[in-house]
Amino acid sequence: MGRVGTIAILSIITGLVVAALVWMRFQPSREVSGSTPNVSASRPFTGQEAAPSQRDLDALRSTLEEERTARLALTERVERLQTQLEGMQSTRQASRFGRDANRAAETSLQRLGATPDDNVTDPQAVARFYFDPDKLEEVGIHAAEADRLRESHDEMLMERLRLRHLSERGEIDEEEMSTEQAKIRDHYRTELGDEAYDLMLYAGSEPNRIGVADVMHTSPAQAAGLQPGDIILSYAGERLFAPFDLVRATIEVEPGGTVPLVVLREGEELQFSVPTGPLGVVITESKGEPRP
């Protein structure tokens, strides 16, 4: 309840109390003798009865003053409680954001094979927590190309940060955010090409594969021979890097017939033929080395 609503309710209560006191004060008295009413006591005031004394008026003023004082004290107490509540909410919100930030930092470190206890004060070591050019060197990528991929990765991260900023400010909802994230992925995939895009995700220790967590019974995936632990590499000839890619591919392909599906199982690539439409698999984000 807001401050204005609280004060309004207190004013109404005070008015009712005052009205009751006035009514009781000036209500003609009744004398009861057995079961026979005192008719004279029920007659309306005609001016012959004694008017209220100064003492009565002083008592009424004192009662009103006490009520006013009590109302002000109650209003002040409500304001203090409201202030304390707002402070507690702000503290909880700050604490939540702090926990989220710490959790995100720990996740980033663990994702790259580090723990929060590791010494990461070296600037070069910190840089490798979100993009490691050594990974690219290991697969034969020269330094100039690694720098280009690093630049694209940084730009992509900045676009994601701006998008997250808009979401936190309430300027876009979750659906709009998902749509914009997909646009960002598609933009850099188109700009770099599938092979370079895969390398960028790999060096940035970001998910670049789709893992099969489970296969539904009597599903097209089970009938085709997919198994939990498989890594889906392509669908209908299109390379896939994220669960969203597979969902979109199954929607965009023309219904009817079958399409090729390539998976990686224990280091070996296998090709299956699956009917178009939903596969019936539980998929997760996964990471893997770039394909040769």
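At 83% relative accessibility, Glu266 counts as exposed (buried means under 20% relative accessible area, exposed over 50% and partly exposed in between, with a 1.4 Å probe and protein chains only). Glu266 sits in the loop between strand S6 (258-265) and strand S7 (268-275), where helices (H or I, at least four residues) and strands (E, at least two) are DSSP runs numbered from the N terminus. Although Glu266 is not a glycine, its phi is positive, at about 55 degrees.

Ala236, likewise not a glycine, has a positive phi of about 55 degrees, and its place is the loop between strand S4 (231-235) and strand S5 (238-239). Ala236 counts as partly exposed because its relative accessibility is 37%.

## Basis of the model

This is a predicted model, in which local features need pLDDT of at least 70 and side-chain atom pairs count only at pLDDT 80 or more, while totals for chains, interfaces and linings use all residues. Residues are numbered from 1 along each chain as its sequence is written, and side-chain values use heavy atoms, with hydrogens and water left out.

## Helices H5 and H6

Helix H5 (residues 143-168) and helix H6 (residues 174-192) pack with their axes 10 Å apart and at an angle of about 170 degrees; axes are lines fitted to C-alpha atoms, for helices over the stretch in contact, and angles run from 0 to 180 degrees between N-to-C directions. H5 and H6 are therefore roughly antiparallel to each other (angles over 145 degrees count as roughly antiparallel, under 35 as roughly parallel, 65 to 115 as roughly perpendicular and the rest as oblique).

Gln271 belongs to strand S7 and is exposed, with a relative accessible area of 61%. Not counting residues up to four places away in sequence, Gln271 touches Pro260, Leu261 and Val262; the C-alpha atoms of Gln271 and Pro260, which are 11 residues apart along the chain, are separated by 6.6 Å.

Asp230, in the loop between helix H8 (220-224) and S4, is buried, with a relative accessible area of 1%. Its side chain is joined to that of Arg265 by a polar contact of 2.7 Å, a polar contact being a pair of N or O atoms within 3.5 Å, where within protein one must be able to donate a hydrogen and the other to accept it, and residues adjacent in sequence count only if both atoms are side-chain atoms.

Terms used
Contact means heavy atoms within 4.5 Å.
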